[in-house]
Amino acid sequence: MKNKIASLIDMVKLSHNAELSEPYIRYLCGIKSERQYRHQEVRDILKLIDQLSVADNKMSGFIYGYVVPQLNKEFDLIKITENTCLNIELKGGDAAREKMQRQLIQNRHYLKLLNKPNLLLYTYISSANELVKLDDNNNLVECTVDELSRAMNLMDDEAEQVDLDQVFTPNNILVSPLNATERFLRGDYLLTENQENIKKEILSYICGEDIDRFVGLTGGPGTGKTLLIYDIACELAIQQKILMVHSGILCEGHNKLNQKLNNIKIISAKELRLREIRDVDIVIVDEAHRLYTDSFEKVERWVKRAKSTCLFSYDAGQMMSSAERYRNVSERIDKLCLNHIFKLTNKIRTNKELALFITCLRDLSKFRDEYSFPNVHIFYEPKRANALNRVKQLKQQGYTFISYTPSIFNHEIDYQSDIYNTHNVIGQEFDGVCMLMDDHFYYTSEGKLTAKTHPNPDYLFKQLLYQGLTRVRSRIALVIMSESILENIMKIMKNN
């Protein structure tokens, strides 16, 4: 239980002493050191409760300053009982009504995961001494402190001790168009503030009167590029025809979206023909950094000829082969799009723990003594048969096993082939990811992970591993077949 519950009355007892209030509030409410302490919020709480006509026991049971790890989204005050969830946001100065409304709508989206019959959402503006609430139609309406008092008095006496980290797991809050297709089609998702801002900029540019033909969207793994481009496609498709080009193998999610979405057609890059581009208004290329040179040149040439617009979604760091590095399509996209490149920066899929583990796995020197990885599990199985049996067990436990893309030239790694491999999972995400590490991998004397040549000399084992692991949302399992690799990995797992 990371988040503690506390009484509003206890929170404000040191409102006159900011220096002492900070350590006390951190202790009382379980506020981590990296979270900024805001004494003004304590003063705001004091000003609010001085006006409430509520029994002291109704003031207890509040969670203060909870942050959803994957989204870096913060709730000011939450109280959860058997039938009700009360959320109060605090604003010290002037705040735009639209921004307050958007925040409470987002809060409703996440807090409904608690499955409470009554969900009450308020914002208190201390500078104006005003209280507003979100009604059932997502409208922001003014209300009185007396109304809030009545709502608090009607709540059950006992607050529930809820571990919010277990409620807001990545598989509950993050939606992939390809792996949670039905939720995406229902619109059961929210974009982060970073995504929303970039979406507005891209739509404003694409729908403007004077634009160049090419626009870029870039960002690292887990920043939400795929969700954003499909969200943008759906909005553009209200009035225009859209062609989505996936630079990889189409999965079941692509097929479902093809059947359900209007004015949007999804094809793989190898299916691309001039007529496909000539018949649409907007072309959106996903995983564009993987395009072959001739495919990239066709897109550039045909988009210009058709006088349509093209949005490239790409990540230069996700190259999996020597040929991709040699082609360096990302650099060509940069030059083609000039200054019209928008960058996602906040990772929302991979939680911080797993992102840190992947970093340390690739470079042991990045590990620090305070790191621990409770959602990473290591299994040593030196024999192939036992390793594959362990993989089978992990699949039964809900992990998705991702094998290394095989080679048509040499079949030495075919023993680990499975439904999913590092090429056909491009753009997808999974709650749990399991991968094998055999003696193709080794560490240098400096602690950097490297690998022998893949049976297909064009593929890069280390990049394939990175591609597979960065598909994860919640937990990783590594089946280690090399004693040397195990010895090194244990250096970063000593706190588990």
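What percentage of the 496 residues of the protein count as buried?

1. Burial. The answer is 56% of the 496 residues. The model is a predicted one, and the value should be read as a property of that model.

2. Overall form. The protein contains 19 helices and 19 strands. Its radius of gyration is 26 Å, close to the 23 Å that the globule rule gives for 496 residues, so the protein is as compact as a globular protein of that length. Along the principal axes, the C-alpha atoms occupy a box of roughly 75 × 60 × 35 Å.

3. Contacts. Among contacts in the protein with a separation of 6 or more, 72% are between residues 24 or more positions apart.

4. Strand β16. This strand covers residues 430-437 and is mostly covered, with seven of its eight residues buried. In a regular strand the side chains alternate between the two faces of the sheet.

5. Neighbours of β16. Which strands pair with β16 in parallel? Strand β14, residues 400-403, is joined to β16 by two bridges, and the two run parallel. Here F401 has C434 of β16 as its bridge partner. Strand β19, residues 472-480, also runs parallel to β16, and seven bridges join the pair. In that pairing, M437 stands opposite I480 of β19.

Definitions and conventions: Residues are numbered from 1 along each chain as its sequence is written. This is a predicted model: local features need pLDDT of at least 70, side-chain atom pairs count only at pLDDT 80 or more; totals for chains, interfaces and linings use all residues. Side-chain values use heavy atoms; hydrogens and water are left out. Helices (H or I, at least four residues) and strands (E, at least two) are DSSP runs, numbered from the N terminus. The radius of gyration is taken over C-alpha atoms; the globule rule is 2.2 Å times the number of residues to the power 0.38. Buried means under 20% relative accessible area, exposed over 50%, partly exposed in between (1.4 Å probe, protein chains only). Contact means heavy atoms within 4.5 Å. Two strands pair if DSSP finds at least two bridges between them.
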